[in-house]
Amino acid sequence: MKALVYHGPGAKSWEDVPDATLQEPTDVVVRVDTTTICGTDLHILQGDVAAVTAGRILGHEAVGTVTEVGDAIRAFRVGDRVLVPAVTRCGRCGYCLRGMPSHCQTVGGIGWIFGHLIDGTQAETVRVPFADTSLYAVPEGVTNEQAIFLADSLPTGYEVGVLAGNVRPGDTVAVVGAGAVGLSVVLTAGLWGASKVVAIDTDGFRLDKALEFGATHAVRAGPGAVADVIALTDGLGVDVAVEAVGHPDTLRAAVSLVRPGGTIANAGVHGSPVELPMQDMWIRNVKLTMGLVDTVSIPTLLTMVANGRIPAENLGTHSFTFGQMEEAYDVFANAAENHALKVVINQTGRRR
């Protein structure tokens, strides 16, 4: 089969590798029909994730068709169309039982194993461990182009942003960073009754998309951005500020935006230390949350997508075939100049 293989910092190739095969009775093999690229994949290519070693197949998001099942599999059969999420869970360890499969002990203490600790989904086939408790059946009427974004981006924005931020009816929400995760916050904040959703970004294209996705206001990032957002809240600040970039300055901006008693939900992936004004934060009774997505919200989000409440497919701005994998990476790595949010990569040119 063909797969996108990591060969060390700055090096990757779409090449022939052995087919994925069953290794445990709890495995299934999935033919990958649709996949995408995550910002984490770019971090890996920059050498930022030491656990990813040369020879690893990248990718941790897929929609596909089951082609083989292990002897212990009961929930899925050959021919089933399934969503392969970013997080794998055994379903039995202490963290899985408490709803935190992002730290599944059985698979190594972190649920994100595809394209990280085992071969990933940017391939023609992928082995899925603990398939009965990890895969999700894709409902009829939900396209691959809708379902693919439920593997990571949409649950991340919803769980680490909206739910962790404790958004409630009438709340004002600021989203710092209107990339795929930030826009996922915008798409789902209204489910909990947010009255105002303010998107903040340096990129005009992303701000336009945020308004299309349901933001009530769009603010260009810059020296006056914090004051502009505060002015939209009668000088009080927002109830919830979601940081969706992963940079020290954007997290500090989120801290500046939240009112006393509010919540800062950090959904961005930080690669360096951040100094925060704790001397100001403690007396304002603010809460700071952070974490890795668990993807436990996927059933809820699938239902909302199936019923037309969340237009998940709008996150995809560019489409490619598997043979164009390298081109897809080039477009995604230069997202601003290409007006790209997420790319959809199909095994064939056909869309379902």
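Predicted model: local features only at pLDDT ≥ 70, side-chain atom pairs only at ≥ 80, totals over all residues.
**Notebook: salt bridges, cores and the parallel sheet**

I started at Lys12, which counts as partly exposed at 24% relative accessibility. My cut-offs here: buried is under 20% relative accessible area, exposed is over 50%, and partly exposed is in between, with a 1.4 Å probe and protein chains only.

Residues are numbered from 1 along each chain as its sequence is written, and side-chain values use heavy atoms, with hydrogens and water left out.

**Salt bridges**

I searched the whole structure for salt bridges (a side-chain nitrogen of Lys or Arg within 4 Å of a carboxyl oxygen of Asp or Glu) and got nine.

Which residue does Lys12 form a salt bridge with? The partner is Glu326, and the closest N and O atoms are 3.4 Å apart. Lys12 sits in strand 2 (residues 12–16) and Glu326 in helix 12 (residues 325–333), so this pair ties together parts that are 314 residues apart in sequence. Helices (H or I, at least four residues) and strands (E, at least two) are DSSP runs here, numbered from the N terminus. Glu326 is partly exposed, at 29% relative accessible area.

Next I looked at Glu61 and Lys342, whose side chains meet in a salt bridge at 3.6 Å, N to O. Glu61 is in the loop between helix 1 (39–45) and strand 4 (62–69), and Lys342 is in strand 15 (residues 342–346), so parts 281 residues apart in sequence are tied together. Buried or exposed, I wondered about Glu61? Glu61 is buried, with a relative accessible area of 0%, and Lys342 is buried too, at 1%.

Then a local pair: Glu212 forms a salt bridge with Lys209, with 3.5 Å between the closest N and O atoms. Both lie in helix 7 (residues 204–213), three residues apart, about one turn of the helix. Glu212 is exposed at 57%, whereas Lys209 is buried at 17%.

**Nonpolar cores**

By nonpolar core I mean a set of buried Ala, Val, Leu, Ile, Met, Phe, Trp, Tyr and Cys residues joined through side-chain atoms within 4.5 Å. The largest one has 47 residues, and Leu83 and Leu150 touch the most other members. Elements that each supply at least two residues of this core include helix 5 (153–163), helix 6 (180–189) and helix 11 (298–306), along with strand 8 (172–176) and strand 9 (196–201).

I listed the contacts (heavy atoms within 4.5 Å) of Leu150, leaving aside neighbours within four places in sequence: Leu83, Pro155, Ile298, Leu301, Leu302, Val305 and Ala312. There is also a second, separate core of 43 residues, with Leu4, Cys104, Ile113 and Ala335 among them.

For pairing I need DSSP to find at least two bridges between two strands. What order do the strands of the open sheet have? I read off 10-9-8-11-12-13, six strands with parallel pairing. Strand 10 (217–220) and strand 13 stand at the edges with a single partner strand each, so one side of each has no neighbour in the sheet. The twist averages 20° from one strand to the next.

Going through the pairs, strand 8 and strand 11 are parallel over four bridges, and Val173 stands opposite Val240 in strand 11. I checked helix 6 as well: it packs on the sheet, touching strand 8, strand 9 and strand 11, and its direction makes about 165° with that of strand 8. Axes are lines fitted to C-alpha atoms, for helices over the stretch in contact, and angles run from 0 to 180 degrees between N-to-C directions. Helix 7 also packs on the sheet, touching strand 9 and strand 10.

Strand 11 is joined to strand 12 by five bridges, running parallel. Ala241 stands opposite Ile264 in strand 12, and Ile264 in turn stands opposite Leu288 in strand 13. Strand 12 and strand 13 (residues 287–290) pair in the parallel sense over four bridges. Strand 12 (residues 258–266) is mostly covered, with seven of its nine residues buried.

**Antiparallel pairs**

Last entry: strand 3 (residues 28–35) and strand 4 run antiparallel, joined by seven bridges, with Thr35 opposite Ala62 in strand 4. Strand 4 is also joined to strand 5 (residues 81–84) by four bridges, again antiparallel, and the bridge partner of Thr65 in strand 5 is Arg81.
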